[in-house]
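Here is a short report on a protein structure.

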Amino acid sequence: MNSKLYNTIGFIQNESTKKIIFIGLAIATLIPWVSSPIALALGFILAVFLGNPFEKYLHQYIHLLLQISIVGLGFGLKLNEALQAGKTGLILTVISISTVMILGYFLGRVFKLEKQLTYLLSVGTAICGGSAIAATSPIIKPSTKQISLALAIVFTLNSIALFVYPAIGNALHLSQEQFGLWCAIGIHDTSSVVGAASKFGNEALKIATTVKLARALWIIPVSIITMFIFKNKESKIKIPWFIAYFILAILLNTYIPFFENFSSIITSISKSGLNLTLFLIGSTLSLQTLKTIGLKPLAVAILLWITISIGSLLYIIH
């Protein structure tokens, strides 16, 4: 019995076997009835119990796959829907970004965190998670450890949001519009915003995607302000150009009838691509990564997240 057990463990620990299991689970997340939270959970479970055999190669492909999936979702929107959603979320976006950045500054001082780390956590919570952290890092020049820590915290809270937000939305009987707007404001990263909204419904998905990407454009003015705060005028601003392709997809779907014939197919493929993205993100969240998170930065990030989540929810409901 023991020899069989050892042989089984040895087989699973084999590097080639790990790769086969990883690829098999990745393909499984493309099946339509596998939801976004399940895809994320599968990736995390795999990382914990088997490890990720492709971890060092994944990060650049995660961002590329996410961007392609987001652009594909643009073919499920009409221009008037996008404009209405952007208009609805504009005031709430301005209020929430300002509130989080100011509160983050004071919380950083209270908890005595490094200025760069506090700023990364604040901008990641305020705008669009990992993308905002990546955009502002070259400007404020934090250490590699600070960047890794901020990303680990943001991705961890994103993972929790993917499960918690739909549960709360259903418990409070939020409408599709209310939930989509709440996701776009309260959840850090675009991947989890779209994942949570898609689980709630198609209308919620349209609103959440549009408002979140409009929100992501705030990286540009925030990056300019960041240059003055950290007195670094030599840095270049990293513009999220894929948003322009998302807008182009909306325009093509609105004004060229040919694309309407394929819009449902493209959006379906894009949702599957998003599930695969969440699986890949989950596979990078190992227990070892989570253990590196300190209590103080985690406390600051959670307080910021709770503030923006509850504040935006109350605003939307009332």
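## Aromatic pairs

This is a predicted model. Eleven aromatic pairs are counted in this structure. One of them joins tyrosine 165 and tryptophan 182. Their ring centres lie 3.9 Å apart, and their planes meet at 20°. An angle under 30 degrees counts as stacked, so this pair is stacked. The two partners come from distant parts of the chain, 17 residues apart. Tyrosine 165 sits in helix H8, while tryptophan 182 belongs to helix H9 (residues 176-186).

Are these two residues buried or exposed? Tyrosine 165 is buried, at 2% relative accessibility. Tryptophan 182 is buried too, with a relative accessible area of 2%.

Tryptophan 305 has a relative accessible area of 10%; the cut-off for buried is under 20%, so tryptophan 305 is buried.

Which residues do the ring pairs link into a cluster? They are Tyr165, Phe179, Trp182, Phe200 and Trp305.

## A lysine over a ring

Another contact involves a charged side chain. Lysine 115 lies over the face of phenylalanine 230. The distance to the ring centre is 4.8 Å.

## The largest pocket

The largest pocket has a volume of about 580 Å³. Its lining holds 24 residues. His59, Ser148, Leu151, Ala152 and Phe155 lie nearest the centre. H8 gives the most, with seven residues.

By class, the lining of the largest pocket has eleven nonpolar, ten polar and three charged residues.

## The second largest pocket

The second largest pocket holds about 390 Å³ of space. It is lined by 20 residues. Nearest its centre are Met101, Ile102, Tyr105, Tyr119 and Ile229. Helices H5 (79-110), H6 (115-128) and H12 (219-229) each supply at least two lining residues. H5 gives the most, with nine.

The lining of this second pocket divides into twelve nonpolar, five polar and three charged residues.

Terms used. Residues are numbered from 1 along each chain as its sequence is written. This is a predicted model: local features need pLDDT of at least 70, side-chain atom pairs count only at pLDDT 80 or more; totals for chains, interfaces and linings use all residues. Side-chain values use heavy atoms; hydrogens and water are left out. On a 1 Å grid over the protein atoms alone, a cavity is a set of points where a 1.4 Å probe fits but cannot get out, and a pocket is an open set with protein on both sides within 12 Å along at least five of seven lines; lining residues have an atom within 4 Å of a point. Grid points are joined across faces, edges and corners, and a volume is the space filled by probe spheres set on the points. Helices (H or I, at least four residues) and strands (E, at least two) are DSSP runs, numbered from the N terminus. Ala, Val, Leu, Ile, Met, Phe, Trp, Tyr, Cys and Pro count as nonpolar, Asp, Glu, Lys and Arg as charged, and the others, Gly among them, as polar. Rings of Phe, Tyr and Trp (its six-membered ring) pair if their centres lie within 6.5 Å; planes under 30 degrees apart count as stacked, over 60 as edge-to-face and the rest as tilted. Buried means under 20% relative accessible area, exposed over 50%, partly exposed in between (1.4 Å probe, protein chains only). A charge sits over a ring if NZ of Lys or CZ of Arg is within 6 Å of the ring centre and within 35 degrees of the ring normal.
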